[in-house]
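Hi,

Here is the structure I promised to pass on. Have a look at it first, and then read my notes below.

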Amino acid sequence: MKHDEMHHEHEGHDMKEMQHEHQMDHSMHDMHHDHEMMDHDMGHMNHDDMHGMHHDMGDGDMMMHGGHMMHMGNLKQKFWISLIATVPILILSPFMGMQLPFQTTFPGSDWLVLILATFLFFYGGAPFLKGAQGELSAKSPAMMTLIAMGISVSYLYSLYAFVANHFLNPQGHVMDFFWELATLIVIMLLGHWIEMNAVMSAGSALEKMAALLPGQAQVIDQAGHQHAVDLKDLKKGQTVLVAAGEKVPADGLIIAGQSQVNESLVTGESKAVAKAEGDQVIGGTVNGNGTLTVQVTGTGESGYLAQVMKLIKQAQQEKSKVEGLADKVAKYLFYAALVAGIIAFISWVFLADLNTAFERMVTVFIIACPHALGLAIPLVVARSTAIAATNGLLIRNREAIELSDKVTVVLMDKTGTLTQGAFKVNAVEVFDTALDEQRLMQLFGALERHSSHPLATGILEYNQAQTIPDLQADNVQTIQGVGLSGTVAGQSYQIVTATYLQAQHIKFDQALFQTLAEKGNSISYLLQDQTVLGLVAQGDQIKPEAPAFIQALKKRHIQPVMLTGDNQQVAEKVAAQLGGMTVQANLKPEDKEAIVKDYQAKGEVVLMVGDGVNDAPGLTRADIGIAIGAGTDVAIDSADVILVKSNPNDIMHFLNLSHATNRKMTQNLWWGAGYNILAIPLAGGLFAGIGLVLSPAVGAILMSLSTIVVAINAMTLKLKRDA
């Protein structure tokens, strides 16, 4: 941000940055507490643990189906045991009343089939029965209810057939569906195992994100000797040495040394924050040119990756509107199957006999299982989540995916989003004859040392390069919407913007301001009482990829809008360099939320991009909020999507991936629901007059084929990058 940006972002950003430092020093403490809790909850997420967790969950300890999370036990084990129980049933039980070439029977084989089928129903069918129980208790029958209905009807009707054939009417014959029951359960368990593996594949993407952390840490033992330790073996309480330019391996407390640390991992802004003994550091942040000795308070992977894993887990669990639609479709299918089955039963009672009527009704219930429909959305979202994670996109709210195709306006912060956020001093002007340039910069530096804003960093770097001695400032505070205030040697000073000077009717050289601002400088003024002592003008650089990003938005007929606390001249110059865009300058933090509301009132669908701190109200208000940088606290809580890297092109990647995801969701809903729409009337015997009747066996085969099509379609989802 520039200094008008600093001071309307020193109203915004330095308010924000002081918040960040305050948040960093408070929130750090909270983070360590949170991280310790996550350590406890997530088992010290080192690579081995993550592999173990992935393996366990891949085996199916939890199953997500149609948005429902339910305990599954060991799904893989359940499938294999069910398959073993199914093989004898396939050999000993007739297929729709027909003996297949490989089938045989022996005395008592029908009792063995009954025992195995009963075991299958209660063991292999348990996940579906429990899922249905949950849906029905919520008075919302959906996928699991349909599946449970299919297998329950198959089993109960077959049980009736067994009793009828053996005890009630041994001379007659009622056809059973043990063969169909077994195949349905095994096919569905296999499908859910595949689904679990697909859903959990997002977990492997998290391991790639561990690359943000160093592989090893330099541990100092009690004897003072230094040796390298793998990050996964790093323990709390150990002391590590972080050399200049290295990544901090873990969350910790500095016990010796001082340096500038780049905390863009946390804040999303490329800046160096002064750190010294007693300060906290976060694993993954980058050390500057000093050497730090750090006592580990939370392991790096539990600190950062636990947050990431938590985000992915939330993203997988949260239901979206499209999933709501899938559940609604399943609910309608449940009622449709119920009605169609009853109608078929009544019709076939008159057309044939009771047994045929039961058989038709059972067929309708069996083939109504919406397995493909149940997989349609979760498989696509799982694939999308995995692709997003490997591309530095953490999607917290899946509704953002659906809304993305409707976005008409993108509001974005200037500094850190469109510009580098790395400022250099271009001009220093002294207005008070009692001061020289060195004293002016000393006063600026004394106050700015208490801020982590990019403009503050620029001034401190300038002072260091000019070897200007430090001064001590006391009582430094953020003046919301203005900048900073503090006391140096008993005298009160303020750092403010031109906007503040104009509002307070304080005289300053407006022509000089215009000249410097038109060159793209952010300008900060040093004020004592009502007197302007001098100014510092700093320039920022546009991110190389930003112009192409703006043009890509325009190509999609999306209006790009720059939001900044900086002055109008600077904002317009940056906009011109980006190829032209709407500018909203001189903004206070609360203005951004109002602008979001204004656009929404006009019927626009708003995507807002910010750093998640002073932009939090706007990010929350926007239809889609995207936070630049991994972020903590407000950033994570406010945004729907988080960009791990501060690259605006990743916003286009999100829009492209979301578009492809929406398309796949729609396709899969049609594949899933289409099967049921066609199969139910066929199973009911609607076209029996022309000899077209769907048997349960054929229904099961078609269902499994539609499931395979849905799975393959989901797995073909790719992120198409703009050229």
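A definition before anything else: "buried" means under 20% relative accessible area, "exposed" means over 50%, and "partly exposed" is in between (1.4 Å probe, protein chains only). Glu 593, for instance, counts as partly exposed because its relative accessibility is 24%.

Keep in mind that this is a predicted model, so local features need pLDDT of at least 70, side-chain atom pairs count only at pLDDT 80 or more, and totals for chains, interfaces and linings use all residues. Residues are numbered from 1 along each chain as its sequence is written, and side-chain values use heavy atoms, with hydrogens and water left out.

On to the salt bridges (a side-chain nitrogen of Lys or Arg within 4 Å of a carboxyl oxygen of Asp or Glu). Searching the whole structure turns up three of them.

Lys 592 pairs with Asp 413, with 2.8 Å between the closest N and O atoms. Lys 592 sits in helix α21 (residues 589–601) and Asp 413 in strand β13 (residues 409–413), so this pair ties together parts that are 179 residues apart in sequence. Both Lys 592 and Asp 413 are buried.

Asp 470 and Arg 449 make another salt bridge, at 2.7 Å from N to O. Asp 470 is in the loop between α16 (454–465) and β15 (474–479), and Arg 449 is in the loop between α15 and α16, so the parts tied together are 21 residues apart in sequence. Asp 470 counts as exposed at 55% relative accessibility, while Arg 449 is partly exposed at 28%.

Then there is Glu 593 with Arg 621, where the closest N and O atoms are 3.3 Å apart. This pair links helix α21, which holds Glu 593, to helix α22 (residues 616–621), which holds Arg 621, so it ties together parts that are 28 residues apart in sequence. Arg 621 is partly exposed, at 37% relative accessibility.

What about a charge without a salt bridge? Asp 540 is buried and has none; Lys 414, the nearest side chain of opposite charge, is 5.0 Å away. (Lys and Arg count as positive and Asp and Glu as negative; His and the chain ends are not counted.) You'll find Asp 540 in the loop between β19 (531–539) and α19 (546–555). The side chain of Asp 540 does have a 2.4 Å polar contact with that of Thr 419. A polar contact is a pair of N or O atoms within 3.5 Å; within protein, one must be able to donate a hydrogen and the other to accept it, and residues adjacent in sequence count only if both atoms are side-chain atoms.

Last, the surface. Patches use residues with over 30% relative accessible area and no salt bridge, joining like charges within 9 Å and nonpolar side chains (Val, Leu, Ile, Met, Phe, Trp, Tyr) within 5 Å. Glu 429, Asp 436, Glu 437 and Asp 509 make up a negative patch. Of these, Glu 437 belongs to helix α15 (residues 437–448).

There is also a nonpolar surface patch with about 990 Å² of accessible area together, its members including Tyr 332, Ile 343 and Leu 354. Those areas come from the Shrake-Rupley method with a 1.4 Å probe, and for residues only the protein chains shown count as cover. Helix α11 (residues 321–351) gives the most to this patch, with nine residues.

Cheers

Terms used. Charge placed at Lys NZ, Arg CZ, Asp CG, Glu CD. Helix = DSSP H or I, 4+ residues; strand = E, 2+ residues; numbered from the N terminus.
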